[in-house]
Structure formats: C-alpha cells, structure tokens
Amino acid sequence: ILNAWQLEQGDSSITVAILDTGINPNHQEFTNRLWKNRGEIAGNGKDDDKNGYVDDVNGWDFVNERASIEDDGGHGTALAGVIAANVDNNFAYSGINRHCKLMICKVLQANQSGFYSDWTAGIYYAVDQGADIINMSVSGETNLRSLHDAIRYAHKKGVLIVCSMGNNKTDTPYYPAGYEETLATGSTDTNDKFSLSFSGGSAGSNFGSTIDISAPGNGIYGLDKSSNSVNTIWSGTSMSAAVVSGVASLLLSSRPNLSPNELKGLLLTTATDQVGRPPEDIPGWDVYHGFGRLNAFAALTALQTYNKSENPFHLSVYPNPTNSLATVSILLPSLSPVSLLVTDPLGKTQLEMTITPSTPDLNYSIDLTNLAPSMYVFTLQQGNRIFRYKVIRG
C-alpha cells in the first residue's frame with residue numbers, strides 16, 4: 001500500500017458504506033470522516049429529508065431502528081479503521097483511504113449475527129443515500145431472493161459491494177459473497193498464504209467456486225469500540241473485505257466514474273497470482289485465492305493507462321466477471337463481418353467465430369460454460385480495426 005499511496009491517497013467525495021455492528025463515532029481516528037446526510041437536521045426528531053429515517057445524520061441502526069450508530073460489538077469499528085482511519089494525527093495507524101467518508105449502517109448485533117432483512121434494508125439505504133462502495137463483512141448460508149434483489153439493485157445503480165467469504169474453512173457458498181454481482185474476498189495470512197486458521201477459534205477462510213480475490217486477513221489491528229485506543233486484533237475474511245474495499249475506494253478516488261464491473265475487473269486482472277502454497281495456488285483462478293492476492297499498486301498503475309474511450313467499437317462485455325454467458329455489445333462502424341477470437345492467458349485459442357451483423361448496434365451472447373475459470377482475451381476485428389477486451393470467467 002505504501003507504493004500505492006504514491007499514486008492515490010483517497011478523496012473526500014467517495015463514500016464507503018459499512019454494513020456491520022456500527023462504529024465508535026467519537027474515536028479520534030474518525031474525526032471529520034463520517035458521512036453526513038445534508039438533508040437531515042440532527043436531533044430535531046423529524047425526518048427532514050423524507051427518506052423514512054428520523055435524524056439519520058451519519059447512517060442508521062437497522063437492528064434497533066434508531067439513528068444511533070454506536071458499535072456494541074467492535075467489529076464494525078475495526079473494519080472502519082482498516083478502510084479509513086485518519087492520518088498524520090500521531091496516533092495508531094492510517095487507513096487505506098485517507099480522505100473518504102464513512103456511511104454507517106448497523107445491520108449486525110454485538111455478537112456479529114444478524115437478519116437478512118436488515119442486511120437488505122441497509123443495502124437499499126446505502127445505495128439511495130449515495131454510497132459508492134458497500135462493505136459487507138457478513139455471511140449466511142441461505143440464498144434468499146430478496147437479498148439478491150438488493151445486490152442487483154446496487155449493481156445496477158453503479159455501487160460495488162465487497163463481501164467476505166466467511167470463516168468456516170468450507171467450500172459451501174455463503175451469501176452475499178456467492179452472488180455474481182459482488183466481489184467475494186477470501187483471506188491470506190501473514191505469510192501471504194491461504195488462511196488455514198484464524199485466532200479466536202475460527203476455522204479458516206472459506207474457499208470454493210464463488211471466490212474472486214484474496215487479501216490479508218490475519219492479525220489486523222483494530223480500533224476500540226468505546227475508547228480512543230487500539231487494543232484489539234482481528235482475523236478473518238471480514239478484515240480481508242475491508243482491505244479490498246479500501247483499495248477499491250482508492251481506484252474510485254482516482255477515477256470516480258468506474259462502474260462496478262470495471263472496478264472488479266481492474267482488481268482481479270492485477271491481483272498477484274501464485275503467492276500461495278503450490279498445491280493450492282495454481283496459475284490463473286483457483287478455489288483458494290480466486291484470481292490472486294490483491295495488489296493495490298498494480299491496480300492503480302493499470303488505472304493510469306485505462307481509457308475506455310479508446311474503444312473503436314464502443315465495446316463492452318457483460319457481466320464481467322461471468323460464470324456462464326457473456327454478452328458482447330458493439331456499436332459497429334459498418335455492417336461488414338466481425339471476427340471474434342477468445343484466447344486463454346497462454347494465447348491458446350478457445351473459441352473462434354464470425355459475426356454477421358444486421359444492425360450497427362449489435363449484442364451477441366457467447367456461452368463460456370465449457371471454459372475453465374480464468375482470464376480470457378476477446379479479440380474483435382472488423383477490417384483493419386482491432387480491439388481486445390479482458391474477460392474474467394469465474
């Protein structure tokens with residue numbers, strides 16, 4: 001992260017919503033860092049902005065249905081410190097984004113358990129109140145449609161949701177990390193390996209088919225929930241998700257108009273591969289690390305040359321990443337045939353086809369189900385026009 005800060009240190013226009021146990025709003029590390037609802041007058045007992053929540057100046061407590069965002073468990077305060085603890089105040093440490101704002105949605109009880117209904121309500125609230133990124137270090141085994149609908153809503157509105165995989169050392173899908181629209185984060189330990197175990201009795205990082213990326217999650221210092229101190233150490237994929245949220249917010253600070261898919265693509269294609277144990281960390285995507293361990297400097301470096309306006313076909317491929325179908329959207333300069341080549345990271349051709357357009361505005365779906373999870377390069381050519389697009393098959 002030290003190298004990454006040479007390129008970007010954050011921006012106060014970016015808001016990260018933390019859906020967790022709350023925060024210690026009086027901690028000096030969060031001075032002037034809390035998001036403020038400009039449409040609400042604090043303490044007057046009225047819903048000034050008519051959003052359905054009274055006095056929600058810094059967020060909302062969905063567990064107890066009140067404006068207080070106090071942390072009764074400590075988990076949320078620890079996450080907030082990782083993402084955005086203040087800098088240059090001669091205390092503790094710096095968060096990853098030194099300037100962003102934090103919107104607090106309490107959706108977990110003190111023991112870090114919670115109801116999907118609160119998680120869902122928190123997502124809609126955060127999106128509608130203008131959050132740019134949502135950190136959800138929560139996990140449940142049930143795949144509930146209402147939760148997925150909220151995730152889809154956030155994605156459609158341009159909000160990236162970063163989720164923890166869970167800490168049960170299982171390949172059973174947990175949600176919301178199991179949804180394709182989220183950025184599912186596993187944990188690496190202090191030796192940069194897959195987290196086999198955590199302190200406090202947790203078995204280890206979840207893994208499996210839904211994982212996108214990994215990030216440090218063992219032995220992370222935490223700010224105290226009730227005093228101006230640093231007296232806790234946390235481990236788990238919750239911390240890993242906070243690290244990823246922080247880095248994603250740096251990318252948005254540098255380029256605010258990035259879509260969730262673009263953010264996700266930049267983080268996955270620049271992740272450092274093969275840092276783990278050889279039997280686990282195979283080349284490309286794997287079930288233990290996803291596409292690799294987060295690399296903040298590489299992602300920000302790639303962003304410097306990222307320019308979608310250079311696309312002569314006005315090409316996009318969505319969803320990206322995808323688990324099955326990928327739709328190629330092209331605004332063609334003519335109706336002449338277009339050749340499409342899909343190659344793997346070694347340059348080997350996996351799919352090849354010719355598209356004969358009937359209209360310049362072409363949308364063409366390609367089935368990637370039979371391709372192994374990895375990064376693929378889509379190469380389009382029409383006449384002497386060539387454009388390449390990286391696509392993640394999760």
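**Notes on the helix packing and a few buried spots**

1. Let's start with two helices: H4 passes H5 in a right-handed crossing. Bear in mind throughout that this is a predicted model. The angle between H4 and H5 is about 115 degrees, and their axes lie 11 Å apart. On the H4 side, the contact is made by Val244, Val247, Ala248, Leu251 and Leu252. H5 brings Leu263, Leu266 and Leu267 to it. Sorted by type, the residues of this contact come out as eight nonpolar, no polar and no charged.

2. Next, have a look at H6, which runs over residues 296-304. Which of its residues are buried? They are Ala296, Ala299, Leu300 and Leu303. These four sit on the same side of H6, because they cover an arc of only 95 degrees around the axis. Helix H4 (237-254) and helix H5 (260-269) are among what covers the buried residues of H6.

3. The loop between H5 and H6 holds Asp286. Is Asp286 buried or exposed? Its relative accessibility is 2%, so Asp286 counts as buried. A polar atom of the Asp286 side chain lies 2.7 Å from the backbone nitrogen of His289. Leaving out residues up to four places away in sequence, Asp286 touches Ile211, Glu280 and Asp281. Asp286 and Gly394 are 108 residues apart along the chain, yet 9.4 Å separates their C-alpha atoms.

4. You'll find Asn97 in the loop between helix H1 (75-84) and strand E3 (101-106). Asn97 counts as buried because its relative accessibility is 0%. Its side chain makes a polar contact of 3.3 Å with the side chain of Ser253. Beyond residues up to four places away in sequence, Asn97 touches several others, including Gln9, Asp11, Arg33, Gly246, Ser249 and Leu250.

5. Over in strand E16 (residues 385-393) sits Val391. With 1% relative accessibility, Val391 counts as buried. Apart from neighbours within four places in sequence, Val391 is in contact with Val317, Asn320, Thr322, Ser374, Met375, Tyr376 and Phe378. Phe291 is 100 residues away from Val391 in sequence, and their C-alpha atoms are 12 Å apart.

6. Most peptide bonds are trans. Where are the cis bonds to check here? One joins Tyr175 and Pro176, with omega about 15 degrees. Pro176 belongs to the loop between strand E5 (160-164) and strand E6 (183-188). Another cis bond runs from Asn320 to Pro321, with omega near 10 degrees. Pro321 is in the loop between strand E10 (316-318) and strand E11 (325-331). Asn320 has come up already, as one of the contacts of Val391.

7. Last, the phi angles. Most residues other than glycine have a negative phi. Gln112, though not a glycine, has a positive phi of about 70 degrees. Gln112 is in the loop between E3 and helix H2 (116-128), and is partly exposed, at 37% relative accessible area. Gln274 also has a positive phi, of about 55 degrees. Gln274 lies in the loop between H5 and H6 and is partly exposed, with a relative accessible area of 47%.

Key
Residues numbered from 1 in each chain as written. Predicted model: local features only at pLDDT ≥ 70, side-chain atom pairs only at ≥ 80, totals over all residues. Heavy atoms only, no water. Buried < 20%, exposed > 50% of the residue type's maximum accessible area, 1.4 Å probe, protein only. Arc of directions from axis to C-beta. Contact = heavy atoms within 4.5 Å. Axes fitted to C-alpha atoms, helices over the stretch in contact; angles between N-to-C directions. Left-handed = near helix turned anticlockwise from the far one by under 90°. Nonpolar A, V, L, I, M, F, W, Y, C, P; charged D, E, K, R; others polar. Polar contact = N/O pair within 3.5 Å; in protein donor to acceptor, adjacent residues only side chain to side chain.
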